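Good morning, and thank you for coming. Please look at the sequence and the model on the screen while I go through them.

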Amino acid sequence: MEQYSELNSVFQALADPTRRAVLGQLSKGPASISELAKPFDMALPSFMKHIRLLEESGWILTRKEGRVRTCTIGKKAFTAADAWLSEQRALWEARFDRLDALLEGSEDE
């Protein structure tokens with residue numbers, strides 16, 4: 001169940017449109033907190049809650065240089081989400097393959 005705790009935070013982070021938009025911005029390259037916050041109509045402390053959640057869940061990494069905190073995309077959450085989605089895809093593809101075989105067998109009768 002430990003793995004599901006990590007997955008819960010990974011997918012919970014994606015549940016909010018602000019956090020998805022931040023990830024979209026970061027897909028173009030590193031950005032400072034102030035650059036990331038510009039498009040959003042919210043106070044900086046509220047925006048920082050989104051940043052902290054993304055960082056805690058492994059979606060982003062932050063580093064501080066002087067007074068500027070810069071964010072980049074992290075690999076941890078992508079790896080966890082991709083592994084889980086790959087397992088689910090393989091499971092469902094196998095189920096659909098068995099269903100196809102069953103349906104093809106019933107058409108021959």
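Let me begin with terms: helices are DSSP runs of H or I with at least four residues, and strands are runs of E with at least two, numbered from the N terminus. Axes are lines fitted to C-alpha atoms, for helices over the stretch in contact, and angles run from 0 to 180 degrees between N-to-C directions.

This is a predicted model, in which local features need pLDDT of at least 70 and side-chain atom pairs count only at pLDDT 80 or more, while totals for chains, interfaces and linings use all residues. Residues are numbered from 1 along each chain as its sequence is written, and side-chain values use heavy atoms, with hydrogens and water left out.

I turn to one pair of helices. Helix α2, residues 17–26, and helix α4, residues 44–56, have axes that come within 10 Å and cross at roughly 70 degrees. The two are therefore roughly perpendicular, a label for angles of 65 to 115 degrees. On the side of α2, the contact (heavy atoms within 4.5 Å) is made by T18, R19, V22 and L23. On the side of α4, F47, H50, I51, L53 and L54 take part. By class, this contact has 6 nonpolar, 2 polar and 1 charged residues; Ala, Val, Leu, Ile, Met, Phe, Trp, Tyr, Cys and Pro count as nonpolar, Asp, Glu, Lys and Arg as charged, and the others, Gly among them, as polar.

Next comes the core. A nonpolar core is a set of buried Ala, Val, Leu, Ile, Met, Phe, Trp, Tyr and Cys residues joined through side-chain atoms within 4.5 Å. Which members of the largest nonpolar core touch the most other members? They are V22, L36, F47, I51, W59 and I60, out of 21 residues. Two or more residues come from each of α1 (2–14), α2, α3 (33–37), α4 and α5 (76–107), and α4 gives the largest share, 4 residues.

Consider L36, which lies in helix α3. L36 counts as buried because its relative accessible area is 0%, where buried means under 20%, exposed over 50% and partly exposed in between, with a 1.4 Å probe and protein chains only. Leaving out residues up to four places away in sequence, L36 touches V22, Q25, L26, A31, F47, I51 and C71.

M42 sits in the loop between α3 and α4 and is partly exposed, at 31% relative accessibility.

Finally, R95 in helix α5 is partly exposed, with a relative accessible area of 35%.

Conventions
Angles under 35 degrees count as roughly parallel, over 145 as roughly antiparallel, 65 to 115 as roughly perpendicular and the rest as oblique.
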